[in-house]
Amino acid sequence: MQKNRFPIKRIALDAILIAFFSVLSMFSITIGGIKITFASLPGVIAAMLFGPWDAFLVGFGGAFLEQMLKFGFTPTTLLWILPPAIQPMLIGLSAVMFKKYMSLEHIFNARKPLFYFGSCMFAGLVTSLLNTIVYYIDSLIYGYYTYALIFGVLGVRIFTNQVVVISTGLVAMPILSALRRTKLVPAAKTSAQPQ
């Protein structure tokens with residue numbers, strides 16, 4: 001009986017994180033070709049608690065809701081959904097590959113979350129590059145392409161995203177710590193282990 005209850009809690013938590021993603025995305029700031037948002041926070045939480053597939057689901061579901069609420073379904077909707085889904089998945093994959101250094105116990109007990117922040121920064125860099133590619137494709141389809149808008153601000157886009165992912169990683173740490181102390185996440189399990 002206990003074994004069947006946790007997956008239901010996990011699915012419910014994923015659904016809450018998807019909703020949280022879409023709410024955070026409504027408070028994003030877009031200036032030219034640069035978007036500042038903390039919508040990836042729920043994906044980071046899912047990545048560290050449950051691994052890459054839940055993280056992908058949270059990012060994909062949240063980005064899908066954001067796209068539907070802001071723009072409706074367009075020919076480039078799927079392209080815009082992929083980068084926010086891939087970012088937390090990469091963090092979740094890092095948590096699986098480097099579980100010795102990225103387990104919740106190591107992050108909080110060793111107080112040296114270098115792998116955690118390194119994976120967040122790598123995932124943020126990949127996301128910035130993917131978003132630039134999607135932005136380029138979207139601009140060609142809809143006819144608003146200018147080099148300055150798409151590629152001219154790439155360095156600023158990458159820098160801004162790195163600041164945001166580090167900030168998001170910092171904000172995620174107390175939330176992960178609080179969730180670890182609850183019965184939502186079994187204490188015997190480390191992050192990203194199959195359940």
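How many salt bridges does the structure hold? In this predicted model, the structure holds three salt bridges.

The protein has nine helices and two strands. Along the sequence, these elements follow the pattern α-β-β-α-α-α-α-α-α-α-α. Of the 195 residues in the protein, 46% are buried. Among contacts with a separation of 6 or more, 74% are made by residues 24 or more positions apart. The accessible surface of the protein amounts to about 10,200 Å², and carbon and sulfur atoms account for 75% of this area.

One of the salt bridges is formed by the side chains of R10 and D54, with an N to O distance of 2.5 Å. R10 belongs to helix α1 (residues 2-25) and D54 to helix α3 (residues 52-70), so this pair ties together parts that lie 44 residues apart in sequence. Both partners are classed as buried on the basis of a cut-off of under 20% relative accessible area: R10 has a relative accessibility of 17%, and D54 has a relative accessible area of 9%.

A salt bridge also links E66 with K35, their closest N and O atoms being 2.7 Å apart. Because E66 lies in helix α3 and K35 in strand β2 (residues 34-36), the pair ties together parts that are 31 residues apart in sequence. E66 counts as buried, at 5% relative accessibility, whereas K35 is partly exposed, with a relative accessible area of 41%.

E66 takes part in a further salt bridge, in which its side chain meets that of K70 at 3.3 Å, N to O. K70 and E66 are both in helix α3 and are four residues apart, a separation of about one helical turn. K70 is partly exposed, its relative accessible area being 33%. Through salt bridges that share partners, K35, E66 and K70 are joined into one network.

The largest pocket contains about 820 Å³ of space. It is lined by 32 residues, of which K35, E66, Q67, W80 and N131 are the closest to the pocket centre. Two of these residues, K35 and E66, are the partners in the 2.7 Å salt bridge described above. Two or more lining residues are contributed by each of β2, α3, α4 (77-97), α7 and α9 (154-181). The largest share of the lining, six residues, is provided by α7.

Helix α7 also contributes to a feature of the protein surface. A nonpolar surface patch of about 770 Å² is made by I133, Y136, I137, L140, I141, Y142, Y145 and Y147. Helix α7 (residues 114-142) supplies the largest share of this patch, six residues.

Methods:
Residues numbered from 1 in each chain as written. Predicted model: local features only at pLDDT ≥ 70, side-chain atom pairs only at ≥ 80, totals over all residues. Heavy atoms only, no water. Patch = residues over 30% accessible without salt bridge, like charges linked within 9 Å, V, L, I, M, F, W, Y side chains within 5 Å. Areas by Shrake-Rupley, 256 points an atom, 1.4 Å probe, with all protein chains shown as cover. Salt bridge = Lys/Arg side-chain N within 4 Å of Asp/Glu carboxyl O. Buried < 20%, exposed > 50% of the residue type's maximum accessible area, 1.4 Å probe, protein only. Contact = heavy atoms within 4.5 Å. 1 Å grid on protein atoms, 1.4 Å probe; cavity = no way out; pocket = protein on both sides within 12 Å on 5 of 7 lines; lining within 4 Å. Points joined across faces, edges and corners; volume = space filled by probe spheres on them.
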